[in-house]
Amino acid sequence: MSGLQLTREQLEERLLALHQASLQLVQEISLETLLERIAAVACEQAGARYAAVGVIGPDGELQSFIPVGMSEEELARMAHPPRGLGLIGALMHSQQPIRVADIASDPRSVGFPPHHPPMTSFLGVPIRHAGRHIGQIYLTDKIDAPEFTADDQLLIEMLAAYAAVAITNARMYQELIQRDRILTRRNENLALLNELASTLATSADIDQILDKALTQVLDYLQIEVGEVYLRMENSRTLKLVLHRGHQAKSLFAREQYQLGEGVIGKVAKNNQPNLISLSDTGTADLHPDVLLGEFHQVACLPINGRQGVLGVLCVASCHPRPLDEMEVQFLATIGSWVGTAIENVRLNLQGRRLAVLEERERIGMDLHDGIIQSIYAVGLTLEHARLLVKEDPQGMLQRIEQAISDLNSTIRDIRAYILDLRPRQLRNENLMQGIRRLIQEFRANTLLTVNLQGSDEEMAVLGEAQAVALFHICQEALANIAKHARARTVNITLWLSAERALMEISDDGRGFDLEKMQMTIGHGLSNMHTRARNAGGDVEITSEPGNGTTILAWVPIRHEE
């Protein structure tokens, strides 16, 4: 073929061949393979010795450059691929094709790099899609003519249109694959976090939480060594509490750091991750096993709680690829979850300690106000008896008898108090049977008379929650009578109305002032109200000093489904 214009038949044949080749282009999904095929088709259709396809990146610079026609040895001898200068650079900023007969004579040419093969004629066509310049096709050295023709340019422009669609499709496919990989990784991350959350939510042991979290992180990310430093409570000290991995005995030179000291202390103080590359300087903090081993990276991330940094999570990898942004975010999330779990465990322990302290304080107050005062009064009685040894022997005997009686009363109070501290439940009994058991224990400990009225059959209609509530209210009432009332007789009556079950407990003790008692209400009376209201009922208390006390409790009748 010469450089003259093609005949109509020849042009139609080339257009048909171009169409057939282009249909195959749009089916290619690998971007690099696609660019190479575009260059090969362009080289064949235009009869060029050399061809290349360049793709422009998001920054507007030449991102990829795929040549054909040169051997691997020729490519290897060149110092660098094209940088987007000369005619290549001009085409990158042009919306029109560029066709020249002699590259060297064109004023836009900047020459070739060393070891580049000589080239003469040039044809460049931009690849545009949706108004954007996404790449270009370069052709050099027309084989059978001194320069490329207008028909060659027309064919390559058509090829560029096909190439634009194919490149866009390949990029979209790559983006979809990348998004699918990211979504898959995120789903895997969420699955691991969900599994870890189950452990963190149900475990009350900090060691178990740390062991589970670190083991899962190492397995999932395929990391060789991991460690956890925890900040001691109410202290600035961070101490190594867990190590996993056999490739190194330790990641850092010391097992203990102060806040702000070394890598561990700085991560905790600044609340910022620290990714250490073993190729960098400044790794004196690391253990010799790490420096002499095959590790490439050490990552340290803060373990955060609501009140601040609780520790530092450290991992070391032998893989040459550093941790990516998603993996660092995943580790940071693990650190936050572990921190929250540790904080919850510590708060739970603090709550238990506080509850124990409050209970000890209550027991101490009850003992002081009741039993200890009674024992102190017995001591005073015996002291008085000693003074009457010579002057009034009969009075002395009366004082001793009184002391014995008071001691027996105090012993009963102690037994009643101990029984009151033990929680009681209905043990496969109905309500009336449970109350009879309470009365039997109460009589044995106080020697008081107790009268009970009520029907087992009637009370059997109560639901479990309502029966348990009345049982505990009766328990609280008998305990208060034993400790405070100084009564001789107690009457307990249970009956049903149309919608309620009622229980009345009355004693002939010393009673109390309701208005004053409401200002210093104790645990027993408060518990009665709470239990009744939780079951949908209430409690009414009537009492006067010297006239005993009556407690009326009621709950709704609710049948078990």
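**Reading the labels in a predicted model**

User: What does the side chain of Gln136 do with the side chain of His133?

Analyst: In this predicted model, the two side chains make a polar contact at 2.9 Å.

User: What makes that a polar contact?

Analyst: The cut-off for a pair of N or O atoms is 3.5 Å. The Gln136–His133 pair, at 2.9 Å, is within that limit, so the label applies. Gln136 also makes a side-chain polar contact with Tyr138, at 2.9 Å.

User: Where does Gln136 lie, and why is Gln136 called buried?

Analyst: Gln136 is in strand S5, residues 132–142. Buried means under 20% relative accessible area. Gln136 has 0%, so it counts as buried. Leaving aside neighbours within four places in sequence, its contacts include Ala52, Leu62, Met92 and Ile127.

User: How do you know that Ala130 is exposed?

Analyst: Exposed means over 50%. Ala130 has 69% relative accessibility, so it counts as exposed. Ala130 is found in the loop between strand S4 (122–129) and S5.

User: What is the phi of Ala130?

Analyst: The phi of Ala130 is near 55 degrees, a positive value in a residue other than glycine. Most residues other than glycine have a negative phi. Asn234 also has a phi near 55 degrees. Asn234 lies in the loop between strand S6 (225–231) and strand S7 (237–244). Its relative accessible area is 87%, so Asn234 is exposed.

User: Why are H11 and H13 called roughly parallel?

Analyst: The axes of helix H11 (residues 431–446) and helix H13 (residues 464–485) cross at roughly 10 degrees. Angles under 35 degrees count as roughly parallel. Therefore H11 and H13 are roughly parallel to each other. Their axes come within 10 Å.

User: Which residues meet there, and how do they divide?

Analyst: Among them, Leu431, Ile439 and Phe442 are on the H11 side, and Leu470, Cys474 and Leu478 are on the H13 side. The residues of this contact divide into 12 nonpolar, 3 polar and 1 charged.

User: How many residues has the largest nonpolar core, and which element gives the most to it?

Analyst: The largest nonpolar core has 38 residues. Leu431, Ile492 and Met503 have the most contacts inside it. Elements giving two or more residues include H11, strand S13 (489–496) and strand S14 (500–507). H13 gives the most, with 11 residues.

User: What is Ile492 in contact with, leaving aside its neighbours within four places in sequence?

Analyst: Ile439, Cys474, Leu478 and Met503 are among its contacts. Apart from this core lies another, of 31 residues, including Leu34 and Ile127.

Definitions and conventions:
Residues are numbered from 1 along each chain as its sequence is written. This is a predicted model: local features need pLDDT of at least 70, side-chain atom pairs count only at pLDDT 80 or more; totals for chains, interfaces and linings use all residues. Side-chain values use heavy atoms; hydrogens and water are left out. Axes are lines fitted to C-alpha atoms, for helices over the stretch in contact, and angles run from 0 to 180 degrees between N-to-C directions. Helices (H or I, at least four residues) and strands (E, at least two) are DSSP runs, numbered from the N terminus. Angles under 35 degrees count as roughly parallel, over 145 as roughly antiparallel, 65 to 115 as roughly perpendicular and the rest as oblique. Contact means heavy atoms within 4.5 Å. Ala, Val, Leu, Ile, Met, Phe, Trp, Tyr, Cys and Pro count as nonpolar, Asp, Glu, Lys and Arg as charged, and the others, Gly among them, as polar. Buried means under 20% relative accessible area, exposed over 50%, partly exposed in between (1.4 Å probe, protein chains only). A polar contact is a pair of N or O atoms within 3.5 Å; within protein, one must be able to donate a hydrogen and the other to accept it, and residues adjacent in sequence count only if both atoms are side-chain atoms. A nonpolar core is a set of buried Ala, Val, Leu, Ile, Met, Phe, Trp, Tyr and Cys residues joined through side-chain atoms within 4.5 Å.
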